[in-house]
Each structure stands twice: as structure tokens, then as C-alpha cells.
Amino acid sequence: MSEMQEPVEAEVPGGGNTEEKNPFRFNGSAMEFFRIWIVNVGLSIMTLGIYSAWAKVRTRKYFYGNTVLEGTSFFYDANPVAILKGRIIAFLLITLYSIIMKFLPTFSLPMMMAVPVLLMVVYAVFLPWLVMKSLRFNMRSTSYRNIRFGFDGTWLDIFIYWVVMSAAGLFTFGLILPFSQYLQKKYLIEKTRFGKTSFSTDATAGYFYVCHIIAIVVAFFIMLFLLLITGIFTPLLAGLHLSPQTLILIYYPLFIFLSLIIYLFIKVSIFNYMIGHTTLGEKKFYSSQKTMDVVKIYFSNIFLVLLSAGLLIPWAMIRIYRYRVEHLSVSKSGSLDLFEAGEDEKISALGEEIGDFFEIDISL
Amino acid sequence: MTFSKSTFHCNIEGNIYDSVVSGKKGGTLTVHETGEVILCGEDGSRSVCSSGDLRIEPRLGNTPRRIVFPENIVFETEDNDSVDSLYILTGGGRFSSFIHIMESRWRYFAAALAVIVISVFCTMKFAVPVMAKTVAFAIPPKYLKAISVKVETSLDSGFLEKSGLKKSKISRVQNNFRFVTDTVKKSGNFDFRLIVRKGGIVGANAFALPDGAVVITDELIGLSGNEKEIIAVLAHETGHVINRHGLRMLLQDSVVSLLVMFVTGDVLSYASVAAAFPALLINRGYSRDFEREADMYALNFLKMKGIDQVNFSNILSRLQKEHGASGGGNSLLSTHPSTKERIKNFMKYSKEGADNL
């Protein structure tokens, strides 16, 4: 049970811990990024999307370049041309897909049945490949102190942890899902390396189950509470002639709001836990995000972005990124000076960009 | 930093990282007027190369700048301005310098912002309606049944009540509707049917649903002076149906929501798009162009049947008086083209029509 107490300790910022920490810092400014973002979008429109590859690299470069640990910033140097090629191929694939779907009704009946199944199989095989390529490309493009990061995951492992385990989740009524989530995250950490040195983790699956159980219990009591409230107020509101539609209109946003809080609770707790159980050589990592802080940032971001017709997107991006970075730290003990560089390798951006199109978001 | 203009010469402070191990050491980069660049580490290490062999990263905001020496030795500094001078000296990337200039000056920012605003506006104003029209006409009306049924139930439970009119009165209005729709029945696959309801809060009103259903309220029937006026109103609503305005409006609004969702990532709001249709129909009404199109349809119909077009302007002005008193918008009496303007157009058109006859 010790693994359940450690993240709680890590949540006390700076105090209470005997371990001294070096925090990550973020030096970016919303004003500066605002201009970069506007130029990115403007040029992307004027070049009919071609510039978007450069825009993407510049955005990531800006965020990484302003992320500082022990006096050195991170660096991102993907080649935009490679990304552009990936985007063009992704675009062609999507076009091919929509053409197939358009002609689907003209096929014979067995073909009509076979095509979706075939596509699902292709997707199940293709997806792990995309994930692998995407992670490799992103890690390789990131460096710190002139040492590149790397990802060594293989297609088969990713296929087992993501596709097979998710399918297994269906047959076990979801009971296995926290466990597969744990395996996925553990896998991502252990296959990531800084130069030659791999990250390692001593996290266990127990915490994942605890988180999900807490979430389910809380959700249950909230539902109960809502039902109770409805029971109490319905007679009072009867005089107002509220139609069922109006009641749904009131409950629907409330329901979404609460689900998002629970979702963020799981996400934040597990992130803190996994980071808190990750080491690189002698360096230990910590993350001290708080669910309610993240909830506040998310909701005010959504609200202000909508209110500003999207103009505050760059500001919102900076805000959430800054929060995440500034709640990360590493132990003071151990040195960052002795990590050796890995072998140089060239990897195409293909997987990453296709992955982006299909909205694959794999992260801790 | 020391810097002299006549012969380029500068010292830049920063950190050195070799490509073997993650260690960090302080260092100074010196550029001589000969073009020779010397990198001195605090540990006494020295790298020498010609300025042409350096790879200087383009500037991005105030992020630390990297200068890469041969053998992949990296010199990193926060002294961006000095590196900029060196960058120009080595003739490095005009394109990337230009991008940085764009990102750091407000006038380029304003230009980019203008490009964004104009393109979004043009997309919404011109591209989206055309796309919505194409899609709307590609969908056979029988597939619109589901949408209409949903809207109908929603209208019934939220706004409308059972009609309080006499059976004979209703069947007369039904006959009028059949008269209006009989001519189009052969051309389209619409399931034309008239729904008579008590308007309640929406008052004297009429709506057209995508599959051919038309709703008319008791109040509007009561407001009409004669059956010809009702025929004019029903012809107007039929104009909405055959031009597929309902579906087009729904699609256009979906695109807007889609764009908003795309930008914000707020996918949850998608579910509310279709559900919002009844409210949309009542609160906002159709666009100016849609109303004009429907007016034109009604007008042509009346002309074809030899009914005086003044009937339509009569009921419109009476509707305006009615709604002017109670306030609020309504779908037949859309807020966009003012009723006065529409009546004027009518008069003009019917006069021209008379001349042509």
C-alpha cells in the first residue's frame, strides 16, 4: 500500500519532503506565443495548409525551448519537410478511405459486409505501427543538453498492450482495463530513453484500481445526491411547469461537468503517480498537479476560448502547459551530467503525422 | 558582448554541450573579423572553425539559441541579439529570419489576423451555404423523416398545444394546403402534411419542417381575413420546404458548431446541435436569403393560380401588427428582412407582374 501514500506526499509543494528537488521552469509568455500562433495560422491559410508543418514544428519548438531544467532548455528539431510528406500521405489515405466509403453501396452484399471488417483489421494492425512511429519520431526529435531522447517500443508489444488488452477489456467487463492502462503507461516509460539510458519505473497496478474505485464511488454518490435533490425540488418546481426537456437542459451540463471532473481526477492522479515512480539513472521525478487546479484551468480555458472566438487559444495552451511543467521536478541528488548519447538514427515523420490526422493521443 | 561595426567581432557567453555525454560547461564564442570562430570552454577546450561551417538555429521568440559546430558540438546562449548579427553575417536562412520578423512585429501580426478573420468570414458567408445547399439537395426527402419527427415531438412538448379550432375549419385549411402542394407533389418526394396546433407562446405562426410537414397555429388562422391569405402563407412555407431551407440551416449551423468544436476540442456540444433545431427555428428564423426565396415561391404560386398577391402582404402586415404588439421574433415574420421591406418588394413585384401580364 506504500505506493498509495507517495503521490500524496508529492502533492505537498516543496514542504514536508526530505528529498530536495529541482523544479522544471517555463519561460514562455502568452503575448509572445500569441503572435507566433497568429502568424502560424495566417501563413497556413495563405499556403493552403502547407505551412502548417512548419507551424507545428515552431509551436513545439517554442514550448520545449522555454522548458528549462537545471539551467538548460529542451530542444525540438523535427524536419518540417518530413512532416509535410507525412501529412500529404495521411491526406491521400483519408481521401482513399472516403472514396471507398462512397462506392460502398455499389458493391455486392458480401463486399459491403467485408469492407468494414477489413478496415477494422487494417486499423488494428496499422494503429500500433502509427503509435510506434509517432513516439519514435517525437522522442528522437527531442533533445536535452545535445543528447537525444529515444523510444524503443516495438509493433508487437504495442499491438498486445493497446489492441489485444482493450479487446480483453470487453470480455472481462472492463475489470482488466485499469491493469492494461497500467501496463501501457509502464511500457511507455520503460521504452523511453535519454541517450543510452532508459527510464525505469517501480509503479504497480494497485494504484490504478484504487483510483478507478474512488472515481466510481464518488460518481455513485453524486448521482444519488442529484436524484435526492431532484426528489426534493420537483414538488417545489411543479408550479413552474418545467418540461422534461428543460430539466434535461439543466442536468446535461451538470452531468458533463461532473464527468469531466472525475475524468480529470483519474488522469491527474495517475499522471502524478507514474511520474513520481519514474527514475532516470539516479534522478527521481515528481509531479504535484492538483485535480481542482486542472479543472479550473480547463473550464476557464474552454469558456474564454469560446468567448474570444478562438483568439485566446494560444493563451490557453500556454496556461495549461505552464501548469504541467511547473508542477514537475527532479530530485537534487544524482547528476544530469553523465548520460551518454545513443546511436544516431533517422526516422521518417510518416507515422506521427498520420497519427495526428486520426487523433491518436498517447501520453502519460 | 563586445561588438564593433567596422570589422565584425563579438564575444557571446553561453554553455557548451558535446554530443557524447550530457555534461554542461560554460563557454565563450568569439567571432573574428577574418570569419574565424573560436569556441573556448571554461575547462580550456577549444574548437575552431570558419563561420560558414556553423549551423545557426533560426530565432524563435526568446527561446535559447543553438549554434552547432562541426562534430555536433552545441553552443547554447540566451544572447539572441548577438546571434542574430552572426546569423546575418553567415547569410543564414532568409526565410526563417523573415518568419521571425513576422512574429515579432505587430503590423505582420495584424495582417495575419486580417487573413484569418477574412478567410473565416468568407468560408462562413459563401463556402458553407453552397456546401450546405449541395448536401441538402443530395439527400432524398424520405431520409429527412427522422429529423422532422424529432422536431415535431419537440415542438409539441415544448411550445405547441392541441388545436382548439372546429373540425370543419381545420379541414378547410387542410384543403387549402392540398391545393398549394398538389402542383409540387409530382416533382418531389416530400411527404407534405399540415399540422394545426395552438401556438401558445409562439402565437400566430407557421413553420416548415425538412420532410414536407408544415405547422400552422390557430392564432395565424384566426388572424387571416380570408382563405387566400392562408393559401399565401402556406405557399410561403412550401417554398421553404422545396428549397430545403430547414436542412440547409441545420447543416450550416452544424458547420459552425463543427468549426467551434474543431477549434476548442469540445466534442460534447455536438449532441446538442440537432436538438437545438426547434429553438433555432423559433428564436432566430431563417436567413434573409431563405425568406426571400420562400417569398418568391409564394408569389409565383399566387400568380400561377391567379390569386391577387396583395393577400400575402395583407397577412404579413397584420402579422407584424400582432407581433409588434407582443414583441419577439417569429419564423414566418423573420427578423432579417423587415416586413416593410418584404411588403414593398411584393408590391413592386406584383406591379411588374401585372405589367407583364
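The model is predicted: local features need pLDDT of at least 70, side-chain atom pairs count only at pLDDT 80 or more, and totals for chains, interfaces and linings use all residues. Residues are numbered from 1 along each chain as its sequence is written, chains are lettered from A and ligands numbered from 1 in the order in which they are written, and side-chain values use heavy atoms, with hydrogens and water left out.

**The two chains**

- Chain A has 12 helices and 10 strands; helices (H or I, at least four residues) and strands (E, at least two) are DSSP runs, numbered from the N terminus.
- Chain B comes to 13 helices and 12 strands.
- In chain A, 41% of the 364 residues are buried, where buried means under 20% relative accessible area, exposed over 50% and partly exposed in between (1.4 Å probe, protein chains only).
- For chain B, the buried part is 45% of 357 residues.
- A contact here means heavy atoms within 4.5 Å. Among contacts in chain A between residues at least 6 apart in sequence, 77% join residues at least 24 apart.
- The corresponding figure for chain B, again among contacts between residues at least 6 apart, is 59%.

**Nonpolar cores**

- The largest nonpolar core holds 49 residues, and A:F24 and A:F194 touch the most other members. Such a core is a set of buried Ala, Val, Leu, Ile, Met, Phe, Trp, Tyr and Cys residues joined through side-chain atoms within 4.5 Å.
- Helix α9 (residues 244-276) of chain A gives the most to this core, with seven residues.
- Another core lies apart from it and has 32 residues, including B:V173, B:A206, B:L220 and B:A232.
- Leaving out residues up to four places away in sequence, A:F24 touches A:T67, A:V68, A:L69, A:F74, A:F285, A:V325, A:E326, A:L328, A:S329 and A:V330.

**Helices of chain A**

- Helix α4 (residues 80-103) has 24 residues and reaches 35 Å from its first C-alpha to its last, close to the 34 Å expected at 1.5 Å a residue. The expected span is 1.5 Å times one less than the number of residues.
- The buried residues of α4(A) include A:P80, A:I83, A:L84, A:G86, A:R87 and A:A90.
- α4(A) packs against helix α5 (residues 109-140) at an angle of about 170°, with the axes 14 Å apart. The axes are lines fitted to C-alpha atoms, for helices over the stretch in contact, and angles run from 0 to 180 degrees between N-to-C directions.
- The two helices are therefore roughly antiparallel to each other; angles under 35 degrees count as roughly parallel, over 145 as roughly antiparallel, 65 to 115 as roughly perpendicular and the rest as oblique.
- On the α4(A) side, A:I83, A:L93, A:Y97, A:I100 and A:M101 meet A:V115, A:L119, A:F126 and A:F137 of α5(A).
- By class, this contact has nine nonpolar, no polar and no charged residues. Ala, Val, Leu, Ile, Met, Phe, Trp, Tyr, Cys and Pro count as nonpolar, Asp, Glu, Lys and Arg as charged, and the others, Gly among them, as polar.
- Helix α11 (residues 313-326) has 14 residues that should span 20 Å, and its end C-alpha atoms are 20 Å apart, which agrees.
- Among the buried residues of α11(A) are A:I313, A:P314, A:I318 and A:Y323.

**Positive phi in loops**

- Most residues other than glycine have a negative phi.
- A:F173 has a positive phi, near 55°, and is found in the loop between α6 (155-171) and α7 (177-190) of chain A.
- With 78% relative accessibility, A:F173 counts as exposed.
- B:E71 also has a positive phi, near 65°, and its place is in the loop between β7 (65-69) and β8 (73-77) of chain B.
- B:E71 counts as exposed too, at 68% relative accessibility.

- B:T217 lies in strand β12 (residues 213-217) and is buried, with a relative accessible area of 0%.
- Beyond four places in sequence, B:T217 touches B:L160, B:R197, B:G199, B:V202, B:G203, B:A204 and B:N205.
- B:P64 is found in the loop between β6 (55-56) and β7, and its contacts beyond four places in sequence include A:G65 and A:S73 as well as B:E76.
- B:Y108, in helix α3 (residues 106-138), is partly exposed at 26% relative accessibility.
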